[in-house]
Amino acid sequence: MPQEAVTRFSELGEILETGLPLLPQKILAQFLSEGHFYRHLKKMRILYQQRRRIMLESIETSFPGLSGFELTDGGMHIVTLLQRGIQDNALAVLWRQHELYVRPLSSGYAQTQKRYGLVIGYTDIRSFEQAQQILQRVADETRALMQS
């Protein structure tokens with residue numbers, strides 16, 4: 001090995017041979033210090049705000065008066081509140097069968113005083129048209145469950 005490469009080779013050997021994840025840590029530190037993570041977060045916030053707006057508009061168009069929404073400044077899901085007694089478990093099962101990531105809100109409550117609703121993921125929704133197509137597939141069954 002050339003003498004001028006011995007020091008650098010030794011440094012790299014220490015990083016790779018210690019059993020500690022130093023190399024990934026150094027890569028991550030550089031990624032953070034150069035602002036790549038901040039730029040990524042900023043880009044994702046804008047993208048998810050757009051997709052959230054698309055999904056909210058689509059739900060309101062497909063199911064006017066469904067009930068209320070718990071809106072937050074960020075996140076990757078929408079919480080839709082339903083009227084008491086509406087079968088959020090059945091709705092979640094139905095919607096999951098049609099390309100939507102949905103969980104029933106009531107399943108998160110252990111007490112008898114439950115809130116009913118859907119926790120709807122929207123990160124894979126790319127357009128209003130796509131959201132409308134998906135919601136139209138579940139429209140009749142959703143309305144039937146909401147009236148029961």
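Trainee: Before we start, what is the expected span of a helix?

Mentor: Take 1.5 Å times one less than the number of residues in the helix. Keep in mind that what we have here is a predicted model.

Trainee: OK, so what span should α2 have, and how far apart are its end C-alpha atoms?

Mentor: Helix α2 has 12 residues, so at 1.5 Å a residue it should span 16 Å. Its end C-alpha atoms are 16 Å apart, which agrees.

Trainee: What follows α2?

Mentor: Glycine 35 does, and its phi is positive, near 85°.

Trainee: Switching to the surface. Which residues make the nonpolar patch?

Mentor: Leu28, Phe31, Leu32 and Phe37, with an area of about 350 Å². Helix α2, residues 22-33, gives the most to that patch, with 3 residues. Phe37 lies in helix α3, residues 36-62.

Trainee: Is Phe37 buried or partly exposed?

Mentor: Phe37 is partly exposed, because its relative accessible area is 36%, and buried would mean under 20%.

Trainee: And Ser58, where is that one found?

Mentor: Also in helix α3. Serine 58 counts as buried, though, because its relative accessibility is 0%.

Trainee: What does Ser58 touch?

Mentor: Leaving out residues up to four places away in sequence, Ser58 touches Phe128, Ala131, Gln132 and Leu135.

Trainee: Now the strands. How many residues of β4 are buried?

Mentor: 5 of its 5, so strand β4, residues 117-121, is mostly covered.

Trainee: Which residues sit on which side?

Mentor: In general, side chains in a regular strand alternate between the two faces of the sheet. In β4, Gly117, Val119 and Gly121 are on one side, with Leu118 and Ile120 on the other, and both faces are covered.

Trainee: Which strands does β4 pair with?

Mentor: Strand β2, residues 77-81, runs antiparallel to β4 and is joined to it by 5 bridges. Valine 79 stands opposite valine 119 there. Strand β3, residues 102-104, also pairs with β4 in the antiparallel sense, over 3 bridges. In that pairing, proline 104 stands opposite leucine 118.

Trainee: Which one links glutamate 70?

Mentor: Glutamate 70 meets arginine 115, at 2.2 Å from N to O. That pair links distant parts of the chain: glutamate 70 is in strand β1, residues 68-70, and arginine 115 is in the loop between β3 and β4, 45 residues apart.

Trainee: What does arginine 137 pair with?

Mentor: Glutamate 99, with the closest N and O atoms 3.0 Å apart. Arginine 137 lies in helix α5 and glutamate 99 in the loop between α4 and β3, so the pair ties together parts that are 38 residues apart in sequence. Arginine 137 is partly exposed, with a relative accessible area of 38%.

Terms used. Residues are numbered from 1 along each chain as its sequence is written. This is a predicted model: local features need pLDDT of at least 70, side-chain atom pairs count only at pLDDT 80 or more; totals for chains, interfaces and linings use all residues. Side-chain values use heavy atoms; hydrogens and water are left out. Patches are made of residues with over 30% relative accessible area and no salt bridge: like charges are joined within 9 Å, nonpolar side chains (Val, Leu, Ile, Met, Phe, Trp, Tyr) within 5 Å. Accessible areas come from the Shrake-Rupley method with a 1.4 Å probe; for residues, only the protein chains shown count as cover. A salt bridge is a side-chain nitrogen of Lys or Arg within 4 Å of a carboxyl oxygen of Asp or Glu. Helices (H or I, at least four residues) and strands (E, at least two) are DSSP runs, numbered from the N terminus. Buried means under 20% relative accessible area, exposed over 50%, partly exposed in between (1.4 Å probe, protein chains only). Contact means heavy atoms within 4.5 Å. Two strands pair if DSSP finds at least two bridges between them.
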